[in-house]
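Student: Please take a close look at one part of this model for me. I would like a single helix followed through its surroundings.

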Amino acid sequence: MKDSSQAISKKLRILMTEFAQRLPLRIKGMEINLNALVAKFWDEGIARQLYSELHKLSGTGTSFGFQKLSAKSRKMEEYVAWLLENDKVLDKSQVKKLCSLFRELQRSVDHFRDSWMR
Amino acid sequence: MAGRLLHRILYVEDDPDIQEIARLSLVEVGGFSVRICSYGREAVELVPRFKPDLIILDVMMPDMDGISTFKALRELKDTKHTPIIFLTAKVQPDEVKQYYAMGALEVIYKPFDPLTLADSIKQIWNRLFDER
């Protein structure tokens, strides 16, 4: 190992803090896409963009060790993936489920930031 | 058989957070010389100058995904035979089979542990030469 493990851990912690600081902007971007998707009752391009954002958040969150946050993101990612494969027009229950999953993710992000940035 | 030294790694990944974790892992932990590109096209343009020993590709990327990037790199003289590893969160067995069928050296799954990624890559690299 080139660098000492203490120095690596310190750098990793800085990266984690930067990740936490950027989270609200990422969530805002997802919210904009979700609102646009729901308003149109479907748009494949927006759905793919939302899926990609969720996919990245799930992966990055886990690499940083933020399992709970990743789990919420993964849950919504899987639902959007299912919609992409199966449905091209959202019905009311699907809109409700998407919004509910997003609120869960938002709450998880808020909770995570409260504890991490404290 | 004595292995070739692994020194220069090109990593293609569009997520800035993953880029930073990988940089920490590969440079600080592994001691490799690393260049990171955000897009496949950027990688294709860079390889004649950087001449990597090993390439690591994300799969889901905008514009040119990992598979298209792989194919484009194989068309280049400089990277026709350069070992390529896919680093992906997409773990459908059929997709993984496809990566190996294309000639990928290995598939590493995300999320990866930043403290052990470099060791995993060293092991894969050494195995490549042990098998020859």
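Tutor: Start with a term. A crossing is called left-handed if the near helix is turned anticlockwise from the far one by less than a right angle, and right-handed if clockwise. Keep in mind that this is a predicted model.

Now take helix α1 of chain B, residues 16-29. Angles under 35 degrees count as roughly parallel, so that is what α2(A) and α1(B) are to each other. The crossing of α2(A) past α1(B) is left-handed.

Which residues meet there? From α2(A) come G59(A), T60(A) and S63(A). From α1(B) come D17(B), I18(B) and I21(B). By class, the residues of this contact are two nonpolar, three polar and one charged.

Next, the sheet in chain B. α1(B) lies across β1 (8-12) and β2 of that chain. Against β2(B), α1(B) runs at about 165 degrees. These strands belong to an open sheet of five, ordered β2-β1-β3-β4-β5, with parallel pairing. β2 (33-37) and β5 (106-109) of chain B stand at the edges. Each has a single partner strand, so one side of each is left without a neighbour in the sheet. On average, neighbouring strands are turned by 20 degrees against each other, direction ignored.

Strand β4 of chain B, residues 84-88, pairs with β5(B) in the parallel sense over four bridges. I85(B) has E106(B) in β5(B) as its bridge partner.

Key:
Residues are numbered from 1 along each chain as its sequence is written. Chains are lettered from A and ligands numbered from 1 in the order in which they are written. This is a predicted model: local features need pLDDT of at least 70, side-chain atom pairs count only at pLDDT 80 or more; totals for chains, interfaces and linings use all residues. Axes are lines fitted to C-alpha atoms, for helices over the stretch in contact, and angles run from 0 to 180 degrees between N-to-C directions. Helices (H or I, at least four residues) and strands (E, at least two) are DSSP runs, numbered from the N terminus. Angles under 35 degrees count as roughly parallel, over 145 as roughly antiparallel, 65 to 115 as roughly perpendicular and the rest as oblique. Two residues are in contact if their C-beta atoms, placed from the backbone, lie within 7 Å. Ala, Val, Leu, Ile, Met, Phe, Trp, Tyr, Cys and Pro count as nonpolar, Asp, Glu, Lys and Arg as charged, and the others, Gly among them, as polar. Two strands pair if DSSP finds at least two bridges between them.
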